[in-house]
Amino acid sequence: MKVITIKQPFATLIAEGLKEYEFRTWRTKYRGEILIHAGKGIDKKAMERYRHLNLKYPLGCIIAKATITDCIKIDDDAREMLKQKNSFVYSSIIKHIEWDGYGFKLENVIRIEPIPVNGKLSLWDYDYKE
């Protein structure tokens with residue numbers, strides 16, 4: 001199954017259903033099931049921003065399964081849509097109008113028991129057994 005490695009706290013925000021889009025500078029044509037891997041990297045500013053949620057932020061493990069259903073270009077219209085959805089979660093994308101990239105739409109998110117594994121760049125494969 002395809003996997004995407006995401007820094008914390010963003011991987012947990014996805015696993016908890018609080019973040020529907022994952023942002024990258026590259027586009028993907030892939031649509032289908034994907035595992036969410038919480039990398040060993042941490043965004044310290046973001047961790048502080050979401051501290052009040054009192055969530056657990058595991059590192060170096062697969063923590064959820066989801067479905068990529070779309071890949072949108074982040075432009076003014078997309079920023080407005082993200083602002084309407086959740087301006088708190090998407091504030092960094094909304095504010096950085098010079099950032100040029102894509103948002104992977106994630107649906108059907110299911111948290112799973114953490115599976116320790118090293119992450120990789122881009123989309124990668126993992127032999128996942130349910």
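A polar contact is a pair of N or O atoms within 3.5 Å, where one must be able to donate a hydrogen and the other to accept it. The model on screen is predicted.

Start by selecting Gln8 and Thr12. Their side chains make a polar contact at 2.9 Å. Gln8 belongs to strand 1, residues 2–8, and counts as buried because its relative accessibility is 0%.

Lys2 is partly exposed at 26%, whereas Asp125 is exposed at 52%.

Next, select Lys105 and Glu20, whose side chains meet in a salt bridge (2.4 Å, N to O). Lys105 sits in strand 5 (residues 102–116) and Glu20 in the loop between helix 1 and strand 2, 85 residues apart. Lys105 is buried, at 12% relative accessible area; Glu20 is partly exposed, at 27%.

Move to Lys73 and Asp100, another salt bridge (2.2 Å, N to O). Lys73 is in strand 4, and Asp100 is in the loop between helix 4 (91–95) and strand 5.

Finish on the surface with Asp75, Asp76, Asp77 and Glu80. These residues gather in a patch of negative charge. Glu80 lies in helix 3, residues 76–86, and is partly exposed at 41% relative accessibility.

How values were computed
Residues are numbered from 1 along each chain as its sequence is written. This is a predicted model: local features need pLDDT of at least 70, side-chain atom pairs count only at pLDDT 80 or more; totals for chains, interfaces and linings use all residues. Side-chain values use heavy atoms; hydrogens and water are left out. Patches are made of residues with over 30% relative accessible area and no salt bridge: like charges are joined within 9 Å, nonpolar side chains (Val, Leu, Ile, Met, Phe, Trp, Tyr) within 5 Å. Accessible areas come from the Shrake-Rupley method with a 1.4 Å probe; for residues, only the protein chains shown count as cover. A salt bridge is a side-chain nitrogen of Lys or Arg within 4 Å of a carboxyl oxygen of Asp or Glu. Lys and Arg count as positive and Asp and Glu as negative; His and the chain ends are not counted. The place of a charge is taken as NZ of Lys, CZ of Arg, CG of Asp or CD of Glu. Helices (H or I, at least four residues) and strands (E, at least two) are DSSP runs, numbered from the N terminus. Buried means under 20% relative accessible area, exposed over 50%, partly exposed in between (1.4 Å probe, protein chains only).
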